[in-house]
Structure formats: structure tokens, C-alpha cells
2 protein chains.
Amino acid sequence: MGSRNQIVVIGGVAAGMKTASRIMRLNPFAKVIVLEKTKDVSYGACSLPYYIEGHFDDLEEVRRTPVGVLRDEKFFANCKGVEVRTLTEALEIDSKQKKVKVRNLENDQESEIPYDKLVLATGNHPILPPIPGMELPGVYPLKTMADAENILSRSKNCKKAVIIGGGLIGLEVAEALVHNGLQVSLIEMKNQVLNNALDFGMASLVHRELKKNGVNLCLSQPLERIEARNGKVCAVKTPEGVVDAEMVVVAIGVKPVVALAQKAGLKLGETGAIAVDDHLCTSDPDIYAAGDCVESQHLLSKEKLYVPLGSTANKHGRVVANNICGRAEKFPGILSTLVVKVFNQNGARTGLLPEQAQAAGFDPVSVLIASPDKVHNYPDCKPIDIKLVADKKSRKVIGAQIVGPGDVSKRIDTVVAGISMGITVDQMAQLDLAYAPPFSAAMDPLHIAANALRNKLDGIMESLDPQELRVKQLNGDDFVFLDVRSPKEYEEVRIPGATLIPLGVLRSRVNELPKDKEIIPFCKLSLRGYEAALILKGAGFENVRYMEGGVLGWPYELETS
Amino acid sequence: MGSRNQIVVIGGVAAGMKTASRIMRLNPFAKVIVLEKTKDVSYGACSLPYYIEGHFDDLEEVRRTPVGVLRDEKFFANCKGVEVRTLTEALEIDSKQKKVKVRNLENDQESEIPYDKLVLATGNHPILPPIPGMELPGVYPLKTMADAENILSRSKNCKKAVIIGGGLIGLEVAEALVHNGLQVSLIEMKNQVLNNALDFGMASLVHRELKKNGVNLCLSQPLERIEARNGKVCAVKTPEGVVDAEMVVVAIGVKPVVALAQKAGLKLGETGAIAVDDHLCTSDPDIYAAGDCVESQHLLSKEKLYVPLGSTANKHGRVVANNICGRAEKFPGILSTLVVKVFNQNGARTGLLPEQAQAAGFDPVSVLIASPDKVHNYPDCKPIDIKLVADKKSRKVIGAQIVGPGDVSKRIDTVVAGISMGITVDQMAQLDLAYAPPFSAAMDPLHIAANALRNKLDGIMESLDPQELRVKQLNGDDFVFLDVRSPKEYEEVRIPGATLIPLGVLRSRVNELPKDKEIIPFCKLSLRGYEAALILKGAGFENVRYMEGGVLGWPYELETS
């Protein structure tokens with residue numbers, strides 16, 4: 001890039017502003033113009049649910065730097081040397097003449113801006129399904145600062161809200177509105193929240209948490225229409241009935257904004273987002289694309305995906321700037337990593353679910369373990385469930401799901417680093433992770449998961465997860481479902497259909513069990529269940545598998561006294 | 001291993017019990033005997049400081065499983081099929097006849113136990129330096145449950161405690177005793193706590209926290225003697241004076257227990273711990289060693305180290321058991337990973353310090369950054385400082401130190417996974433880490449650190465850390481130390497000797513600065529300092545480096561209003 005080349009960036013949120021700032025850092029003599037249709041640049045959309053929840057009072061906080069400086073046009077001009085034109089809409093790209101036609105939305109004047117390199121950071125827009133009632137006042141998406149303000153102010157004047165969609169935003173807004181005192185229903189078309197991100201079993205732990213916090217969870221219910229009374233939203237209709245609603249937040253997903261790109265003849269990918277090469281260059285060598293308008297590739301499956309995220313947008317911005325400034329850099333791809341807080345449960349995932357792995361040609365083997373997140377006698381120790389997936393042949397870790405009230409985000413990031421570098425379960429089991437009672441146990445939950453999976457891969461121990469067990473129950477299979485916890489634990493809470501023989505007396509009472517039936521022991525977590533399986537095998541029982549995850553990992557109904 | 005082979009394990013804490021249990025899991029028909037000199041097996045020594053601090057009331061908790069089952073002899077017999085003989089001292093190993101001579105400490109009877117394979121898990125003992133007064137009542141090590149009980153009960157009857165040694169245990173006990181209302185002095189021979197684990201600059205952040213919490217921190221002071229009045233401890237004497245003490249906790253380190261091994265002619269390593277091969281086999285092919293009595297090897301430097309830790313002990317136990325049971329497995333080595341909570345600061349490290357890297361033949365380049373641990377407007381967001389070290393040629397990450405009130409343990413574990421797999425700074429910058437406001441920022445602190453280090457490696461930006469800056473100050477170098485924060489921030493707290501020009505007006509006031517002197521801008525974290533350096537370079541200043549870490553990373557004195 002010549003020092004006075006002009007770079008035009010369309011879109012001034014995460015990817016656009018990052019690209020612009022990085023270009024100026026690499027080349028203080030460059031000329032960078034950012035075009036933003038709205039009046040707000042560089043806002044942190046991910047924080048909007050937390051604004052609604054009341055975690056901070058000044059909405060402008062989502063536009064501030066960590067030290068409180070407002071990231072407005074002036075800031076970018078003075079501190080970064082970037083020219084930002086807000087309320088300026090890019091109308092058309094003339095890729096032959098290398099110029100962008102723009103309209104100033106304040107005075108409606110049109111003009112043309114020439115570019116040497118162009119960056120598309122046009123972002124996403126919320127999907128609003130074409131059903132009756134979507135246009136009603138009181139029906140909101142959540143994308144902009146204005147949306148957040150509208151949702152918050154409406155929520156102060158009503159009691160019943162319906163959220164459509166059990167993805168990240170739907171879950172976060174559900175929590176926010178419950179926190180603000182509303183009765184909240186969450187309607188999801190699929191039979192689980194976080195579809196494609198978590199297994200049904202892991203998602204069920206989230207379902208339990210939603211219900212525990214009073215959310216009326218309506219699964220497997222497609223939205224039919226939003227109903228009004230006197231011009232105001234009053235209910236949401238699904239095939240199963242009507243749910244009262246004074247306000248509706250539609251969070252069924254987002255689409256990439258690609259109209260400009262399409263009009264300019266740029267290639268779109270199979271997901272509908274802008275197709276880019278490894279360097280984030282579009283089909284036009286002078287046009288790059290970054291952030292939520294771009295199609296991603298999965299690091300493991302090589303599948304094309306559309307996963308808009310602020311973290312990816314920031315990485316994209318840096319890569320695009322580097323490439324424009326002559327420092328060739330590739331964006332390696334994503335692992336579809338995700339983390340979410342849902343009331344007192346945290347959920348996270350990375351890599352591939354077992355079915356996704358299968359579809360991508362892997363031979364997945366998975367294990368579910370439950371473990372305390374730190375030394376159990378340290379205050380605030382909480383359990384987490386980990387479902388770890390490896391490829392049978394290579395023994396490489398290819399996916400993880402972690403759900404629980406404990407520290408899931410640490411473990412998922414550790415797995416992300418491992419998977420990105422091709423770690424095997426054997427290597428994961430030996431990681432010299434940081435140990436002290438306030439932070440972890442001597443065997444970190446990741447070690448326990450890796451070792452459990454090694455045992456399974458090596459044929460040392462057979463096991464099945466609660467979903468597989470549930471199928472056996474529903475099929476009416478004849479087996480002994482053996483609870484080996486203490487009588488006191490059994491008294492408190494139990495899985496229907498289980499027989500109690502505490503582990504401590506199992507050796508002496510082993511004759512009570514039939515040798516011709518499958519025996520499936522379990523406990524609270526899964527350690528004693530595993531020990532019980534060993535004792536039974538030692539006693540000559542051949543048909544024994546323990547149930548992974550234990551009572552804590554059981555996502556279905558429990559009996560209590 | 002034949003199914004009825006007899007395995008004898010000497011030592012029944014972490015490594016010993018893990019070995020025994022895993023052997024029984026792999027071979028339910030094996031015969032495993034554990035010999036333990038004391039009456040307690042399988043206790044979690046790392047929790048003892050937290051018992052003293054009052055985080056749990058029942059000391060037996062350190063011997064319980066996460067679900068509350070006491071791990072005593074009966075538990076191991078009934079649940080694991082392991083025979084544990086407590087109060088049984090191993091006196092001698094006859095490696096030719098393959099038997100161990102033991103003494104029953106209850107009836108003083110001696111006997112011999114034959115073995116097919118022997119496992120030494122003899123652990124460590126605290127170093128008590130041979131100085132006057134070590135034998136006084138009121139002077140304690142902290143290794144056993146009894147020690148913890150003694151320290152706690154003594155602390156209830158006195159007001160002034162001295163801790164000798166600024167390592168993990170010293171720091172944890174200092175916090176515990178301050179929490180219990182005592183006036184605590186910490187005496188450390190070196191000029192910093194956590195010597196060899198943290199740089200002086202990073203350790204200084206811990207020093208500040210200790211002082212802030214009222215700990216009388218006495219650095220660079222070797223212990224001369226412990227003084228008594230009327231047979232009771234009354235003071236600790238160092239070359240610099242006398243520190244009052246009604247009780248003294250000696251935590252200067254531990255040594256491996258190797259007497260038995262030595263007597264049996266087993267090879268010791270250069271650190272004095274038992275030398276083992278990759279399979280944790282000693283110089284006798286029928287004798288393995290595991291846990292705190294064993295010498296480790298550093299994964300990166302290949303240096304031999306003695307780093308006793310419960311986490312390593314557990315991994316060792318599994319590896320030894322696997323090898324004994326015919327499942328060959330290597331223990332790969334350690335990264336000297338460490339994490340510690342010191343009041344409201346957390347400190348962690350892994351890999352090599354720059355000096356250690358240099359000594360091991362690397363060409364280390366490091367960077368210090370300060371960053372919020374999550375989105376800054378999310379409640380409970382706290383800063384962390386990361387010092388990341390890479391090798392210049394390979395660009396591989398070879399070390400990290402992380403200190404701050406925020407979530408350091410997540411980042412250190414992520415780095416551990418990365419370093420173990422040979423990650424480069426470039427790969428680290430692209431990790432698809434989990435992002436949501438309650439857990440991290442769109443650019444995780446690790447991304448920021450990796451990118452800052454890439455800039456440095458690529459010559460895009462020059463910088464120096466506070467320690468290097470301090471040397472310049474002390475040398476009387478002539479340079480402009482430029483604070484680019486806001487006037488309000490400057491008013492609150494500032495680094496002595498700095499000049500204020502806020503970033504937002506720097507472009508317009510750039511003529512106030514001399515072009516013939518080095519200019520070193522900084523801010524609160526380091527982002528604006530970095531931007532300022534770019535602006536200055538853009539304005540034709542050639543001799544510019546920013547100071548890493550900013551005010552938050554400055555470990556020396558600060559001025560406040």
C-alpha cells in the first residue's frame with residue numbers, strides 16, 4: 001500500500017473500526033475513511049442484554065473504552081487518525097472505477113468516494129420472520145442501542161414478555177427480563193435451546209435452569225403469529241396454543257448484510273455470507289470483507305459456517321488491515337466456540353458435536369463427566385459437566401461441551417487452545433494445568449474428562465451417557481440401574497427406576513445382583529459408579545457399563561423426598 | 001503384570017493412593033499393599049492453609065472425596081480393593097530379594113513384605129534450617145494435618161505471627177493469619193516473593209497487595225535465629241533487626257524424602273530427588289517412584305527440577321500404575337505452572353521467565369500488557385497483567401506470568417495448553433476463545449498480549465517494561481516520560497517524573513515535545529500509550545517507545561492526591 005492510498009471501510013462497528021485503527025497503526029500516513037449508516041460507531045452489541053438487565057445505567061458505556069473514553073468520531077479522528085462519516089450510507093460499489101457512491105443521510109446529498117482498497121464490514125441484521133404481527137409496536141429485535149433502549153423502557157411498563165428463539169441473545173434477554181421482574185416465556189422451534197451448539201442432554205441442563213428461574217419454556221413450538229388487542233401486542237400463537245405477551249423480543253437469528261456486495265458482483269458463499277479467501281479477500285482483489293458479513297470455515301470439519309461474533313470480527317479487522325498494508329496474514333478459521341451465562345448455569349462449547357464430527361468424517365467417541373470446579377472444600381466450589389469428544393483413530397480432541405454453575409469458561413478456552421493445536425486426549429491428560437484449591441482440583445475436570453475418554457478408547461471401561469440410558473429405559477430394556485450412592489444421598493434425590501446398593505457394601509452384597517442382566521451403576525458424579533463397575537467386573541459380572549455424569553449429569557426427571 | 005502379583009506402595013498420600021487405586025482399576029485381581037507411616041492417608045495438604053483461614057471447620061474434610069466420603073483405610077479396602085497399612089514404617093528395601101522390611105509403629109514389630117513391583121511415593125518433608133530457636137514450641141512447619149491444627153490453635157491465642165518464606169505456602173498462610181486477625185510479618189531471604197516463579201516486576205504487584213493488607217513484608221532478609229522469652233517464641237532476628245513474633249511458621253521450602261531410596265542404592269538426580277526415566281521407573285527396573293519424592297524435567301528447557309505439587313503427584317500415580325500394568329506410558333514433564341491467591345490478587349505463571357529462557361538457549365522477547373478480564377461494563381470486571389514471553393526465532397510462546405485481581409487462572413491454563421503443543425504468538429492471537437461479556441472481552445487479554453508481542457517481534461512497535469524504565473530512571477537517562485491519560489486520571493494517581501499530555505490533544509500539542517530526546521508514552525493500561533507512540537512516529541519523532549503495562553503494571557511507587 002502506498003503511503004497516501006485511500007482505504008474506504010463500509011461499516012463502523014467492530015470489524016470496521018478495528019480494520020481502520022490497525023491500518024493507521026501500521027501506516028500513520030494512510031488515509032482511512034469509515035462510512036457508517038447510523039450515528040453510532042464501535043459499540044459493543046454483546047453488552048446490550050446486560051444493559052437491559054441493569055448491570056450498568058449509562059447506555060453510552062457500550063461505546064466506551066475500558067478506561068471510559070467515548071469511542072465516537074472525534075475519538076477516532078484525534079486518537080487514531082481515522083475519518084469516520086456517520087449517517088452516511090454506502091449505496092453502491094463501482095468496483096471497476098474503484099469508487100463508492102454514498103448518501104449523506106442528514107442532507108440527502110449523494111457523492112462518490114474513490115478507494116484504493118475497500119473493506120466491507122457491513123455486519124448482520126436480525127431475522128424477522130414474515131409472520132402476522134411482526135410489525136406491531138412492542139415487537140423488537142435486539143441489535144442496536146436503540147433496540148436495547150426500547151426493550152428496557154417497554155419492560156418497565158409490562159409484566160409479560162415472550163422471547164422468540166433460544167439462542168444466545170434469546171437466553172440472555174430472557175434472564176435480563178426475569179431479573180427485571182417480568183414473567184418470561186421462551187418459545188423455541190427446536191426441541192432444545194442452543195441447537196447445533198449443545199447436545200440435547202447438555203442443553204437439558206440449561207432447560208432445567210430456565211424453568212427453575214420461572215421461565216415458561218416452550219420447546220418444539222414454531223411461531224405462528226403475534227396477536228394484538230387494541231393495536232397492542234397481547235399474545236404469541238404457536239400450534240400448541242397461545243402465550244400471553246405484552247412485549248415480544250425476536251431473537252431467532254441474524255443474517256449477513258450482503259446487498260452491497262451482491263450488487264457489486266462479489267461472490268457469496270454457500271451460507272449466504274460474503275465468500276472470502278484465507279486472507280479475507282473477496283472475489284475482487286481490491287475488496288476485503290470482515291466481521292459479521294463474512295462466511296467462516298470450521299477449523300476441523302472445513303465446513304463453511306455463518307457464525308457472527310464480536311471476537312471473530314476483531315480478529316478479522318486485524319487480518320484485513322495487515323493484508324492491506326502488505327503484511328500477508330491468513331485467518332485460520334473458527335471452532336464455533338461459544339459461552340453463555342444462563343442465570344446460575346454457564347454453558348460453553350467448542351469444536352464438533354458427536355453428530356457433526358460423524359458427518360465430517362471423524363469417528364467420534366465421547367464421554368460425559370461431572371466434577372467440582374475446584375477443591376471441594378474451598379468456598380464456592382461448584383460442579384461442572386464436561387462432554388469431551390475425540391476421534392477414535394487419531395485420539396485427537398475434536399469437541400467439548402461444558403455446562404454447570406462452576407467455572408466452565410476456563411476449561412473451554414483450554415480446550416480451544418488444545419484443539420487448535422491438534423491435542424490428543426493423552427496429551428490433554430498430562431497438561432501441567434495450574435493447581436491451587438481456589439482455582440482447581442489436583443486433577444482438573446479436564447484431566448478427569450481426558451482420562452475417562454482414554455479409558456473408553458482403550459476399552460478399559462465401557463460406559464454410556466444419560467441420553468443413551470434414557471433410550472434404553474424408553475425401549476423397555478431389561479437391565480439393573482444401580483445407584484451406588486449413600487442411603488442419605490438416595491433419600492434426598494434419585495433417578496426414577498434405580499436400585500440402591502451403596503458402594504461401600506457392594507463387595508459384600510454383590511450376590512444380590514443377577515449375572516445374566518446388564519448392570520449399569522452410577523453415583524452423584526460418576527467416580528463411584530466407575531468404581532462399582534470395576535468391583536462388579538472383578539466379581540465376574542461381564543455385562544457392566546457405568547453411566548457417565550451421574551445424578552448431576554442426568555438431564556431428565558428426578559425424584560425428591 | 002500377572003494377576004496375582006503383589007505391588008507394594010510406600011507412602012499413602014496423593015501419588016501413592018492414586019497409583020494403588022489405578023492399579024486396582026486396571027487389574028481387579030491385583031494385590032496392592034500401601035504402607036503409610038502416619039495414621040492419615042490420602043489427605044489434601046494444599047487445603048491446609050484454607051482450613052487455618054476458616055474456610056471449612058472440619059479438618060477431616062481434607063480427607064474426604066468431593067461427595068463427602070472419608071478416604072480412610074476402610075474406604076480404600078471396600079471401594080478400591082486396596083490394602084492400606086497405616087502407622088507402618090518402611091525401614092529398608094532389599095531390592096535383590098525384592099522385599100521391604102517394615103515396622104508396625106503400634107506394636108513395634110518388624111516384618112518383611114515381598115513385592116513384585118515397588119512404588120516409592122515417600123513425598124517431601126519441610127526444610128527446617130539449622131538455626132537457633134527452630135526447636136521452640138510455637139515454631140511450625142505446615143505439612144501435616146497436625147501442623148495445621150497446631151497453627152490454628154496457636155493463632156487463636158496470639159497476636160503476632162512471623163512467616164518465614166515467600167513461597168506458595170508462606171503467602172497462603174500469611175493471608176490466612178491476617179484473615180484471622182493477627183499482625184503478620186513475612187520474612188524472605190530474596191528481594192521478592194515467588195522467587196524463580198515471577199519476575200521482580202510481577203512479584204512487586206504481589207508485594208503491593210501484601211502491604212495493602214497489612215503484612216509487614218521484610219524482603220532480602222535471611223533468618224538468623226528465633227528468640228525466646230520464658231521458653232516461648234518472642235521474636236525473629238534478621239540482619240536488619242528484630243521482628244516480634246508469638247508464633248512462627250517456617251515455609252522456606254521442602255525436600256524430597258529419599259533416605260529409603262538412597263539406602264537401596266537407587267540413583268538420585270541432580271536436584272537430590274529420585275531420578276526416574278520417562279516411564280517414572282527408577283534405576284531399578286522393578287521400582288517406580290511418583291509424586292513429591294521424584295525429580296521432574298522441564299518440558300521446554302529440559303532442565304531437571306524439583307517441583308513438588310499435588311497435581312503432578314496425581315498424574316504420576318496414573319502413569320506408574322499404567323506402566324506396572326503393562327500399558328506403557330510416558331510422563332512428558334512439567335512447565336512449572338503455578339497459581340496462587342494472595343488476598344485480592346491472583347498470580348500465575350507457566351513456562352520460562354526471560355532469564356530462564358536465555359539460560360536454556362532461547363532468544364526471549366517479552367511484552368507486558370494490562371487488560372480488563374471481561375467486558376469493562378460487566379459487573380466485577382477486574383484487570384490482569386500478562387507478561388508473555390516468546391522465542392524470537394521460532395515465535396513460539398515459551399512463558400507467561402499473569403498477575404491481577406481478575407481471572408488469571410483461565411488465561412494461564414490456556415497458555416499451558418498452547419505451550420505444551422508448541423503454539424506460536426501468531427497462533428495464539430487467532431485462537432477462537434470463548435467470548436461473552438460475563439467471561440471475557442471480544443479481544444481476550446491473551447489475544448492482546450499475543451498481538452503486542454507480535455508487534456514487538458515484527459518491529460512494528462518498540463516498547464519497554466516498567467523494570468527497564470525504572471533502570472533508565474535510576475541511571476539518570478534523559479528522556480520524556482509521557483503520561484497520555486486524562487487530567488482526571490492524572491489527578492488521582494501518577495507515576496513520579498511523568499509529564500501529562502492527554503492522548504486526545506497530543507496531535508495538536510506535539511510541538512511541545514523535543515525531537516532530540518527519547519519519548520516514552522504510557523497510560524493506565526498501555527493501549528493509549530501505544531497509540532501515542534504511533535502518533536509521535538507519524539509526526540516524525542524517531543526515538544519513541546511506549547511503556548508496557550501502564551500505571552496498572554507499574555510496580556514501584558505511585559503518587560496520589
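**Close-up views of a predicted two-chain model**

**View 1. Helices α1 and α8 of chain B pack against each other.** Residues A14(B), A15(B), K18(B), T19(B), R22(B), I23(B) and L26(B) of α1(B) meet G310(B), A313(B), N314(B), H316(B), G317(B), R318(B), V320(B), A321(B) and I324(B) of α8(B); two residues are in contact if their C-beta atoms, placed from the backbone, lie within 7 Å. By class, this contact has eight nonpolar, five polar and three charged residues (Ala, Val, Leu, Ile, Met, Phe, Trp, Tyr, Cys and Pro count as nonpolar, Asp, Glu, Lys and Arg as charged, and the others, Gly among them, as polar). The model is predicted: local features need pLDDT of at least 70 and side-chain atom pairs count only at pLDDT 80 or more, while totals for chains, interfaces and linings use all residues. Residues are numbered from 1 along each chain as its sequence is written, and chains are lettered from A and ligands numbered from 1 in the order in which they are written. Helix α1(B) spans residues 14-26 and α8(B) residues 310-324; their axes are 7 Å apart, at an angle of about 35° (lines fitted to C-alpha atoms over the stretch in contact, with angles from 0 to 180 degrees between N-to-C directions). Helices (H or I, at least four residues) and strands (E, at least two) are DSSP runs, numbered from the N terminus. The crossing is right-handed (the near helix is turned clockwise from the far one by less than a right angle).

**View 2. Chains A and B meet in an interface.** Chain A contributes 77 residues and chain B 78 residues. On chain A, α10(A) gives the most to the side that touches chain B, with nine residues. That side has 43 nonpolar, 21 polar and 13 charged residues. Of the interface residues of chain A, 100% are also interface residues in chain B, so the copies meet through the same surface.

**View 3. I274(B) lies in the loop between α7 (259-263) and β18 (287-289) of chain B.** I274(B) is buried, with 28 other C-beta atoms within 10 Å (20 or more count as buried, 12 or fewer as exposed, and values in between as partly exposed). Beyond its neighbours within four places in sequence, its contacts include L120(B), P256(B), V258(B) and C293(B).

**View 4. L457(B) is in helix α12 (residues 445-457) of chain B.** L457(B) is partly exposed, with 18 C-beta neighbours inside 10 Å. Outside four places in sequence, L457(B) is in contact with V365(B), A390(B), K392(B), R395(B) and V425(B).
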